[in-house]
Amino acid sequence: MEQNQTKTEYKGIEFGKTCSNDAIVPNNIVQPVFKEVQATCKITKQVFNIKWSGNDEFYTPAYAIEPILKYLKPNSTIWCPFDLPESLFVKKLTEAGHNVIATHIAIGQDFFTTPVPKCDYVISNPPYSVKVEVLERLFEIGKPFMMLVGIIGLFESQRKFHLFKNNEFEIMYLSLRVAYFKDYTEQKLSGSPPFSSVYVCAKVLPKQIVFEEINKRT
C-alpha cells in the first residue's frame with residue numbers, strides 16, 4: 001500500500017524518502033532524527049580530523065591518570081611506550097613509587113619494533129590512528145596493560161569485534177570526559193572533548209568493568 005510522502009531536506013540531508021531497506025523516515029520524527037544526526041556528524045567529523053591529520057598525539061592530564069594508581073601493585077616496573085620524560089604518566093607513576101621505562105618514536109623507539117622491556121605493566125595513551133594495532137600487539141605481548149583510548153568506534157568493525165571476542169579484557173569507565181592537551185609547557189586543554197575516554201585493560205582490574213570518578217580540579 002502506497003503512503004503519502006513529503007520530502008524534507010536540510011543541508012543536504014533528506015528525510016521522508018525511501019531508504020536502501022525500503023523503510024520510510026516519517027516526517028513527524030524528522031526533527032528528533034536530525035538532531036541526533038547532527039550531533040553524530042559533529043563528533044564523527046572531529047574524530048575523522050584527528051585520525052587523518054597526521055597529528056593525533058594528545059597528552060593526558062593528571063586527573064585522568066590518578067584513578068588507575070590504586071590498581072597497581074607497589075614498586076612495579078611500568079613501560080610507558082608512547083611517552084617522553086615530561087609525560088604526566090611518567091611523572092605520576094614515578095611519584096607513586098614505580099619504576100618507569102619511557103620510550104617514544106620521537107627518540108627512535110617505535111612501539112611496534114622496540115623489544116619489550118622487562119616490566120610488570122604497560123600503561124599509556126596511544127595515538128588515535130593506531131589504537132587498534134596497539135591493542136593487537138599488547139594482547140600478543142601478554143603483559144598486563146592499561147591504555148587510555150577514545151570510546152568512539154572502539155568496537156565498531158569486524159576486526160575489533162574479533163579482537164575483543166578472542167581476548168580477555170577489562171574496561172575502566174571514567175565519570176567525565178578527558179580534555180587532552182598538545183603542549184606540555186602550556187598544558188592548554190583541547191576544549192570541550194567530543195567523546196568519552198576509557199581505559200582498555202588486561203589482567204589489571206578486579207572485574208570486567210569498573211567505574212571511576214575523576215576530579216578535574218586536582
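R159 is partly exposed, with a relative accessible area of 42%, a value that falls between the 20% limit for buried residues and the 50% limit for exposed ones. This briefing concerns a predicted model.

**Surroundings of R159**

- R159 belongs to helix 4, which spans residues 158-165.
- When neighbours within four places in sequence are set aside, the contacts of R159 are V132, E133 and E136.
- V132 lies 27 residues away from R159 along the chain, and the C-alpha atoms of the two residues are 8.7 Å apart.

**Nonpolar cores**

- The largest nonpolar core comprises 30 residues, and those touching the most other members are I68, I123, M146, M172, Y199 and L205.
- Two or more residues of this core come from each of strand 3 (77-80), helix 2 (88-95), strand 5 (121-124), strand 6 (145-150), strand 7 (170-174) and strand 8 (197-202).
- Helix 2 supplies the largest share of this core, with four residues.
- A further core, apart from the largest one, holds 21 residues, including W79, F82, M147 and F164.
- Beyond its neighbours within four places in sequence, Y199 is in contact with A64, I65, I68, F89, M146, M147, L148, E170, I171, M172 and L174.
- Among these contacts of Y199 are I68, M146 and M172, which are also listed with Y199 as residues that touch the most other members of the largest core.

**Aromatic rings**

- The model contains nine aromatic pairs.
- F139 and F145 form an edge-to-face pair, with 5.3 Å between the ring centres and 75° between the planes.
- The angle of 75° places the pair F139 and F145 in the edge-to-face class, because that class covers planes over 60 degrees apart.
- F139 and F145 are both buried.
- One aromatic cluster is made up of W79, F82, F111 and F112; of these residues, W79 and F82 also belong to the core of 21 residues.
- At F111, the charged end of R137 sits over the ring, 5.0 Å from the ring centre.

- The model has one cavity of 30 Å³ or more.
- The largest cavity holds about 90 Å³ of space.
- Its lining consists of 13 residues, of which F58, Y59, F82, D83 and N125 are the closest to the centre.

Key:
Residues are numbered from 1 along each chain as its sequence is written. This is a predicted model: local features need pLDDT of at least 70, side-chain atom pairs count only at pLDDT 80 or more; totals for chains, interfaces and linings use all residues. Side-chain values use heavy atoms; hydrogens and water are left out. Buried means under 20% relative accessible area, exposed over 50%, partly exposed in between (1.4 Å probe, protein chains only). Contact means heavy atoms within 4.5 Å. A nonpolar core is a set of buried Ala, Val, Leu, Ile, Met, Phe, Trp, Tyr and Cys residues joined through side-chain atoms within 4.5 Å. Rings of Phe, Tyr and Trp (its six-membered ring) pair if their centres lie within 6.5 Å; planes under 30 degrees apart count as stacked, over 60 as edge-to-face and the rest as tilted. A charge sits over a ring if NZ of Lys or CZ of Arg is within 6 Å of the ring centre and within 35 degrees of the ring normal. On a 1 Å grid over the protein atoms alone, a cavity is a set of points where a 1.4 Å probe fits but cannot get out, and a pocket is an open set with protein on both sides within 12 Å along at least five of seven lines; lining residues have an atom within 4 Å of a point. Grid points are joined across faces, edges and corners, and a volume is the space filled by probe spheres set on the points.
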